[in-house]
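This briefing goes with the structure shown below. Please look at the sequence and the model together before reading the points that follow.

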Amino acid sequence: MTEKINQVRVAFDNELSGAVTGDELEQVRVKFLSRNGAIAQLFEEMKSVPAAEKPVLGKLLNTLKNAAQGAFDERKKTLSQSKEQRTRSIDLTLPGRPKPIGTKHPLTQTMDEIKKIFMTMGFSVATGPEIETDYYNFGALNFPPEHPARDMQDTFFIAKDILLRTHTSPVQIRTMEQQRPPVREIMPGRVYRNEAVSARSLVSFHQIEGLYVDRGVTFSDLKGTLVAFAHQFYGKDVKFKFRPTFFPFTEPSADMYISCFLCKGEGCRMCKFVGWLEIMGSGMVHPHVLQNVGYDPEVFTGFAFGMGIERIACLRYGVDDLRLFYENDVRFLQQF
Ligand code: PHE
């Protein structure tokens, strides 16, 4: 009889620990703890045991019964709890996990801001290819055949007359070829120059070009437009000056300078102690260029300008190494 009691105990323990669903648990209950279950059976058998053995066996059997019932109740409780936990696995009171949001690259921000200012003045945006022909990059822009910019030193040539554009000015030609005046476009894009990479020069950078051609466009229009831009971009009290320079595709040509907004013209590291910062090249579109796109230079005149985005962004944010814009170090980018 002692043997039997032990067998039932082992069987019960095994089956109980194997039961994971409510149904399995119920099967264990029926098999061992119900009115006709294994334990009730043992009580039945107790009746035919010799009276002398009854106290010891009875105690053993009672212990089994109580332990089994206790273990069963415990198991039932944990199973129902874990089920409850499973359905409540979303804890709405937990603080959210922050997902870092990307931001626009400082060069894109600068570009967008410049575009916005010119768009409010009635310019629209045009683009052109980065792989250009010699004609669009140089020839149509009035560069003479022996001009040094064509040299292998400056230009990445792909084939004899195919190259990576060295400026955004070829988009002027493409734009004018496709429409009749008035033309009022800004042309942002990437350009390439064969230079050693350093804090001050890169092999690839960005420019934004501007072009306005119509009847009776004068140098005053050029000045007025660029000054209006500078006031919006750099602030109302910035001073400016234009200094004569040379570009093959504009005549006359002028570099635009603004008073250094860091030292207000006193002289500092940013302006290399001259008080002025060069911000762009500009000029009246050369009559040859107008002729090359089939515009009559006796009827139409225009102005053009071009600025380097990296340079503008460096001046604006006080960055002293152009390479930082391309390393994409998050610690740098997060500052904008
Ligand atoms: N393309 C010239 C450059 O790369 C800039 C420029 C554009 C100058 C338009 C005058 C007019 O330096």
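Thr175 counts as buried because its relative accessibility is 5%, and the cut-off for buried is under 20%. The model is a predicted one.

**Thr175**
- Thr175 lies in helix H7, which covers residues 170–178.
- Within that setting, the side chain of Thr175 reaches the backbone oxygen of Val171 at a distance of 2.6 Å.
- When neighbours within four places in sequence are left aside, Thr175 is in contact with Ala126, Val183, Glu185 and Met187.
- Gly128 is 47 residues away from Thr175 along the chain, and 8.5 Å separate the C-alpha atoms of these two residues.

**Thr166**
- Thr166 sits in the loop between strand E3 (162–164) and H7.
- Thr166 also counts as buried, because its relative accessibility is 7% and the cut-off is under 20%.
- A polar contact of 3.0 Å joins the side chain of Thr166 to the side chain of Asn137.
- Apart from neighbours within four places in sequence, the contacts of Thr166 are Asn137, Phe138, Asp154, Thr155, Val191, Tyr192 and Arg193.

- In soluble globular proteins, nonpolar side chains tend to be buried together.
- The largest nonpolar core here has 42 residues, and the members that touch the most others are Ile114, Phe118 and Met307.
- Several helices and strands each supply at least two residues of this core, among them helix H5 (106–120), strand E5 (204–215), helix H8 (219–234) and strand E9 (300–308).
- H8 gives the largest share of this core, with 7 residues.
- Which residues does Ile114 touch, not counting those up to four places away in sequence? They are Ile208, Phe229, Phe233, Met307, Ile309 and Ile312.

**Domains**
- The protein chain is divided into domain 1, covering 2–88, and domain 2, covering 106–333.
- Taken over C-alpha atoms, the centres of domain 1 and domain 2 are separated by 89 Å.

Note on methods. Residues are numbered from 1 along each chain as its sequence is written. This is a predicted model: local features need pLDDT of at least 70, side-chain atom pairs count only at pLDDT 80 or more; totals for chains, interfaces and linings use all residues. Side-chain values use heavy atoms; hydrogens and water are left out. A nonpolar core is a set of buried Ala, Val, Leu, Ile, Met, Phe, Trp, Tyr and Cys residues joined through side-chain atoms within 4.5 Å. Buried means under 20% relative accessible area, exposed over 50%, partly exposed in between (1.4 Å probe, protein chains only). Helices (H or I, at least four residues) and strands (E, at least two) are DSSP runs, numbered from the N terminus. Contact means heavy atoms within 4.5 Å. A polar contact is a pair of N or O atoms within 3.5 Å; within protein, one must be able to donate a hydrogen and the other to accept it, and residues adjacent in sequence count only if both atoms are side-chain atoms. Domain bounds come from an automatic or database domain assignment.
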